[in-house]
Amino acid sequence: MKRRKSGSSIFDHWASALFRATTLIVLWLAVLATFAPANVHARDVVRVSRGAFVISGAVDAPGDAAPWQAVTFPHRTAKPGGDALVPYWYRASFDSDDPSQPVWLFFPKLRSGGTIFVNGTEVGDIRSADALTQVRWFRPNLVFVPAAALHKGQNVVAVQFSIREPLTSFGEFMVGAEPELRDRFDNLLFWEDTSTTVSNLICLIFGALTLTFWLRRRQERLYGILAACALFWGVRTFVFRMPVVPMDYWVLWRFCYYFTTGGFIVCITLFILRFSQSATPRVTNFLLAYWLLGCAVFLLLGSAARLPMDAWWTVGFLPFTAYGTVRLVDFACRRRTASSIAMVFAILFALALALHDFGVQHNLFGLDEFYLLHLGIPAFLLVMASVLLDRFVRTLRQSDITAEQLAARVAEREAELAKSYERLSKLERAHATAEERQRIMQDMHDGVGSQLLSSLLMIERSEVSKSDIVSLLQECLDDMRLVIDSLSPDEPDLLPVLGNLRFRMEPRMAKMGLVSTWTYRDLPDTLELAPHDSLQILRIIQEALTNVFKHANAKRVWVNVGFEDGVLELRVADDGDGYDPTSQATGRGIGNMRSRADRIGAEFSIRPESTGTVVLLRFHVPSFAAAAAPVDAMEA
């Protein structure tokens, strides 16, 4: 079962690839074949396929005594004289039954141009090579022959031209009425000239678009090589089919032809090697060096290097292309993908056309002088483009799949992170609640708890009077209220809590004959602090006031609360006995105040003055805690 499935899969790949390649190629050739000339079997059309030629520089057609050589058209033969300009005369004859009717001469191929005579009368002049120019035509010609130039019976057509090409060329021609020949002329003109121009423009436009795409995606090197292939071929075809070239620029023109032809072959070979994953720096560098060195040698030697370039240098690319083709076939057999198999058929098709044109150029195999590569290369480039397009679409599809998978994974991770964040938030809230409970317990233990324990011990020992017990219990209540006020969620503002402290402390100080003065300076409307910070500030003020009416023997006490540049400043001063920093019996009150200030990062100081003691607390308030405009200084 597996073998049959594998064999079927291989067959499907090859069939699909063959279908793609042949479909694109056949469609291209079908478009061109639509305009191809039909066989010449029309009535009243005479095909002239026999004649004679002679090498002669005579102004008029040489007579029968000249060394005319009988030939069959099309006639192609080596030209003597190397690169010298050699004059030729060709002649042929046709019969006319009615010389009163004009006829037309249809030359499908008149590569070297020439002056056309009928019975010694000039009827047409198509530019041919001379001392200053090189001429080669790739289009048919239709020449009118007036009745005055015709004879009844045999009529002689003579064509005179000069040529520098290594091979002289003269094709068969037709004689007949205009309607029969005009359709053939138009069809062949499209086939030889218009279709070539169209395919050339397609190559140039396609190359420019592909190059633009590659410039935006430099990592896709195959697209860059494909763009170079199309551009090289477009320029090569344009250069090769230039009909008239001044001799002053002939070497440069031929150099451009070799450069673009070699560049096209190099790019095709590199494309094949890279596509089949067989490219190596050594082969690439050697191929580039062979191409550029050959062009440089021709540029230095000029026309003397033309024959070696045509005969050997061009053929020298064949081993590289053959190597790339073998590697491509091996790659297609191993991968068995439709694109790789389609590339095999496309390159074999292009190689067949290249070998045909090489045979035509060198007069091999008796081929007619009709070049096909410039018509087949666009079809080959179309196959290459379709292969890369298929590859690009598959890459985009894979990219979309990867993006969807990545989005799904990101969504999963986001869900996991959301759950983790929720668990972390719960843990943080639980931790904060535990810390807050711990602080409340600590404050209750250090404040109310310690005072109640001290009161209980004093009562058990009967060391206190009733008034002392009342005072101790009042301090416990004040301390408990202070904790409750600072931790109240309904009142996060420090200023109202500070007012409650003043409200409770003032009656006690008044009973003891202590006059208190409270001053507020530049306070904002609200001052929202953390409950822990508020509690520590209130305890420090409470401790400072308690020390005043317990130990200072003072008559007055001043409490100043100010706010400036984000700093809350609280100052408690009295006119009592004063604080002695060197005394060892200072108790734990000052140490507790200093410790509480350190917990909230505040600055604490206590210093004696000539009129008493000053306790100063400076706390840096967070920027978001103070709101609205400050309140003007006031005294109460």
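**Notebook: strands, a patch and salt bridges**

I began with strand 6 (residues 103-107), which runs antiparallel to strand 10 and is joined to it by 5 bridges. This is a predicted model, so I am reading pairings off a prediction. In that pairing I found Leu 105 opposite Val 143 of strand 10.

On to strand 11 (residues 153-163). Is strand 11 largely enclosed or open? I count it as largely enclosed by the rest of the structure, because 8 of its 11 residues are buried. Strand 5 (residues 86-96) pairs with strand 11 in the antiparallel sense over 11 bridges, and there Trp 89 stands opposite Gln 160. Strand 7 (residues 114-118) also pairs antiparallel with strand 11, over 4 bridges; here I found Ile 116 facing Val 159.

Surface check: Leu 293, Val 297, Leu 300 and Leu 301 make a nonpolar patch of about 440 Å². I followed up Leu 300, which is found in helix 5 (residues 281-301) and is exposed at 75% relative accessible area.

I opened the one between Glu 506 and Arg 502, with closest N and O atoms 3.2 Å apart. The two are 4 residues apart in helix 11 (residues 494-511), so about one helical turn separates them. Glu 506 is partly exposed at 25% relative accessible area, while Arg 502 is buried at 17%, as the cut-off for buried is under 20%.

Arg 571 and Glu 609 form another, at 3.8 Å between the closest N and O atoms. Arg 571 sits in strand 18 (residues 567-574) and Glu 609 in strand 19 (residues 603-609), so this pair ties together parts 38 residues apart in sequence. I have Arg 571 as partly exposed at 25% and Glu 609 as partly exposed at 35%. Glu 609 also meets Arg 607 in a salt bridge (3.7 Å, N to O); Arg 607 is partly exposed too, at 36%.

Last item: I found Arg 521, Glu 564, Glu 569, Glu 603 and Arg 618 linked in a salt-bridge network.

How values were computed:
Residues are numbered from 1 along each chain as its sequence is written. This is a predicted model: local features need pLDDT of at least 70, side-chain atom pairs count only at pLDDT 80 or more; totals for chains, interfaces and linings use all residues. Side-chain values use heavy atoms; hydrogens and water are left out. Two strands pair if DSSP finds at least two bridges between them. Patches are made of residues with over 30% relative accessible area and no salt bridge: like charges are joined within 9 Å, nonpolar side chains (Val, Leu, Ile, Met, Phe, Trp, Tyr) within 5 Å. Accessible areas come from the Shrake-Rupley method with a 1.4 Å probe; for residues, only the protein chains shown count as cover. A salt bridge is a side-chain nitrogen of Lys or Arg within 4 Å of a carboxyl oxygen of Asp or Glu. Buried means under 20% relative accessible area, exposed over 50%, partly exposed in between (1.4 Å probe, protein chains only).
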